[in-house]
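The explanation begins with one residue and its surroundings.

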Amino acid sequence: MKRKAGAGDAAPDAFDEEEATRQAKRMKSEELRAALEAAGVDDTEGNKPALVERLVAAKKRAAAGDNDDDEAAPAAFDEEDATRLAKRMKVEELRAALEAAGAEDTEGTKPVLVERLIAAQRAAAAPQATEEPAPEAFDAAAATSAAKRMKVE
């Protein structure tokens, strides 16, 4: 059931499932897999219709803020691991992952795209980290290292 946009429509930032499906259908299978991986979906196997369906569902969950099923999501954002994975991606895959993450600017060289994707992933992980503000942690390794460098007279 399609309808035309009008004054009584939902807010402009509301999730548009039809548009998300249209965009996903234009992507190649490898781009879909990269976008699914960037969105934190573990299952990136299957044919194109299955990948499209999973990507739209992931985008819908992200738009609705329904990340309550964190069983597949990591506890904390691992920037080193994310950077390593992003550097392995092709430019088209990076652009697809940025688009899936909701980034507006998907143009630029590979290093620029990698930085943008990491920033988008870091921002997506930030709300999870701010829910439980932890007190400043004691860094035992740093303290031990500093103590070893001290001279005792």
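Beyond its neighbours within four places in sequence, Ala24 is in contact (heavy atoms within 4.5 Å) with Leu32, Lys48, Val52, Leu55 and Val56. This is a predicted model, in which local features need pLDDT of at least 70 and side-chain atom pairs pLDDT 80 or more, while totals for chains, interfaces and linings use all residues. Residues are numbered from 1 along each chain as its sequence is written, and side-chain values use heavy atoms, with hydrogens and water left out.

A nonpolar core is a set of buried Ala, Val, Leu, Ile, Met, Phe, Trp, Tyr and Cys residues joined through side-chain atoms within 4.5 Å; buried means under 20% relative accessible area, exposed over 50%, and partly exposed in between (1.4 Å probe, protein chains only). The largest such core has 14 residues, of which Ala24, Met27, Leu32 and Leu55 touch the most other members. Two or more residues each come from α1 (17-26), α2 (29-38), α3 (48-64) and α5 (91-100), helices being DSSP runs of H or I with at least four residues, numbered from the N terminus. Helix α3 gives the largest share, five residues. Apart from this core lies another, of 11 residues, including Ala82 and Met89.

The whole structure holds eight salt bridges, each a side-chain nitrogen of Lys or Arg within 4 Å of a carboxyl oxygen of Asp or Glu. In one of them, Glu79 pairs with Arg122, their closest N and O atoms 2.8 Å apart. Because Glu79 lies in helix α4 and Arg122 in helix α6, this pair ties together parts 43 residues apart in sequence. Glu79 is partly exposed at 36% relative accessibility, as is Arg122 at 34%.
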